[in-house]
Amino acid sequence: MLEFNDETMKRYSRHFVLQNVGVEGQKKLAQAQVFITGAGGLGSPIALYLAAAGVGRIGIIDDDVIDLSNLQRQILHTTPEVGTPKVQSAKQKLHAINPHIQIDTYQERLNAQNITKLIESYDVIVDGTDNFGTKFLINDACVMLNKPYSYGGILRFSGQTMSIKPNESACYACVFHSPPPPDSVPTCSSAGILGSVAGMLGSIQATEVLKMLLGIGEPLYNTILSFDALSMEFRKIRVSKNPQCRVCANGGPKILSDYEQASCWEL
């Protein structure tokens with residue numbers, strides 16, 4: 001429960017005076033539970049902003065350790081932490097920002113065997129992963145469990161995101177159908193990524209999550225938002241729910257399976 005004391009009133013003062021948030025909205029955030037897949041380029045700003053906003057419980061999964069090459073964009077982590085688990089670093093930073101929230105960490109790889117158990121208690125799921133296989137798995141599981149979620153991906157100077165509300169809006173598979181063959185698309189390690197682009201898209205995803213939790217504004221349902229940071233042009237692409245979608249048609253999947261791990265836009 002959110003305790004209204006001098007510290008709390010000062011911490012969230014800008015939310016309390018904000019129309020469509022206020023005291024009731026802050027209570028909603030304090031009771032909310034968000035699961036973030038990946039503590040990397042996207043997961044870092046997403047987690048930092050959700051923690052600062054007062055989301056009561058944040059779960060974050062990542063099986064990787066910090067590499068020096070991560071630090072150009074993964075702002076949760078620091079140079080002295082190279083070689084340590086990303087989730088360990090993430091928990092420390094998030095509690096440093098907001099010691100009043102619960103941070104649950106999972107140092108393991110997300111797969112068809114563990115995803116249902118991991119996400120079932122959370123309200124909103126956030127995709128910050130770096131391969132198509134896991135993105136499609138997240139979509140399958142969220143459709144199966146009727147969990148709203150935010151998809152995101154970045155590469156070079158570009159980013160794109162979409163919010164999904166199962167049974168109501170188009171799902172990821174409605175738009176992209178199935179993963180491409182492995183090694184058929186560039187990766188950030190081969191094509192590069194401007195570090196600040198991860199911050200741009202992660203901030204947008206965090207905002208989408210807060211809108212979903214608060215029930216305000218117009219989340220990016222049935223809409224892909226893409227941007228080119230070089231020209232600073234943003235574009236909205238309207239998409240529709242596919243009545244023949246292999247995932248969300250006919251009540252969604254009954255069994256989850258892993259996909260081939262075709263690398264894609266960076267996390």
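Student: What makes helix H4 (residues 43–53) largely enclosed by the rest of the structure?
Tutor: Count its buried residues: nine of the 11 are buried, so H4 is largely enclosed. Buried means under 20% relative accessible area, exposed means over 50%, and partly exposed lies in between (1.4 Å probe, protein chains only). The buried ones are Gly43, Ser44, Pro45, Ile46, Ala47, Leu48, Leu50, Ala51 and Ala53. Helices (H or I, at least four residues) and strands (E, at least two) are DSSP runs, numbered from the N terminus.

Student: And what should I keep in mind about the model itself?
Tutor: It is a predicted model, in which local features need pLDDT of at least 70 and side-chain atom pairs count only at pLDDT 80 or more, while totals for chains, interfaces and linings use all residues. Residues are numbered from 1 along each chain as its sequence is written, and side-chain values use heavy atoms, with hydrogens and water left out.

Student: Why is Pro45 called buried?
Tutor: Its relative accessible area is 3%, and this value puts Pro45 in the buried class. Pro45 belongs to helix H4. Leaving aside residues up to four places away in sequence, Pro45 touches Gly40, Ile75, Ala198, Gly199, Gly202 and Ser203; contact means heavy atoms within 4.5 Å.

Student: Which residues have a positive phi although they are not glycines?
Tutor: Asn167 is one of them, with a phi of about 75 degrees, and Met232 is another, at about 55 degrees. Most residues other than glycine have a negative phi. Asn167 sits in the loop between strand E6 (158–164) and helix H8 (172–176), and Met232 in the loop between strand E7 (223–228) and E8.

Student: Is Met232 buried, partly exposed or exposed, and how do you know?
Tutor: Met232 has a relative accessible area of 48%, so it counts as partly exposed.

Student: What makes Asn139 count as buried?
Tutor: Its relative accessibility is 0%, which means that Asn139 counts as buried. The residue lies in helix H7 (residues 132–145). Not counting residues up to four places away in sequence, Asn139 touches Tyr149, Cys171, Tyr172, Ala173 and Val247.

Student: Why is the aromatic pair of Phe136 and Tyr259 called tilted?
Tutor: Rings of Phe, Tyr and Trp (its six-membered ring) pair if their centres lie within 6.5 Å; planes under 30 degrees apart count as stacked, over 60 as edge-to-face and the rest as tilted. The whole structure holds 10 aromatic pairs. For Phe136 and Tyr259 the centres are 5.7 Å apart and the planes make 45 degrees, so the rings pair and the pair is tilted. Phe136 lies in helix H7 and Tyr259 in the segment after strand E8 (233–238), so the pair ties together parts that are 123 residues apart in sequence. Phe136, Tyr151, Tyr172, Phe176 and Tyr259 form one aromatic cluster, and Phe136 is buried at 1% relative accessibility.

Student: How do you know that Arg57 and Asp104 form a salt bridge?
Tutor: A salt bridge is a side-chain nitrogen of Lys or Arg within 4 Å of a carboxyl oxygen of Asp or Glu. The closest N and O atoms of Arg57 and Asp104 are 2.7 Å apart, so the pair qualifies. Arg57 lies in strand E2 (residues 57–61) and Asp104 in strand E3 (residues 102–106), so the bridge ties together parts that are 47 residues apart in sequence. Arg57 is buried at 14%, and Asp104 is buried at 18%.

Student: How many salt bridges are there, and what makes Arg11 and Glu7 one of them?
Tutor: The structure holds nine. The side chains of Arg11 and Glu7 meet at 2.8 Å, N to O, so they are within the limit. The two are four residues apart in helix H1 (residues 6–11), separated by about one helical turn. Arg11 is partly exposed at 30%, and Glu7 is partly exposed at 35%.
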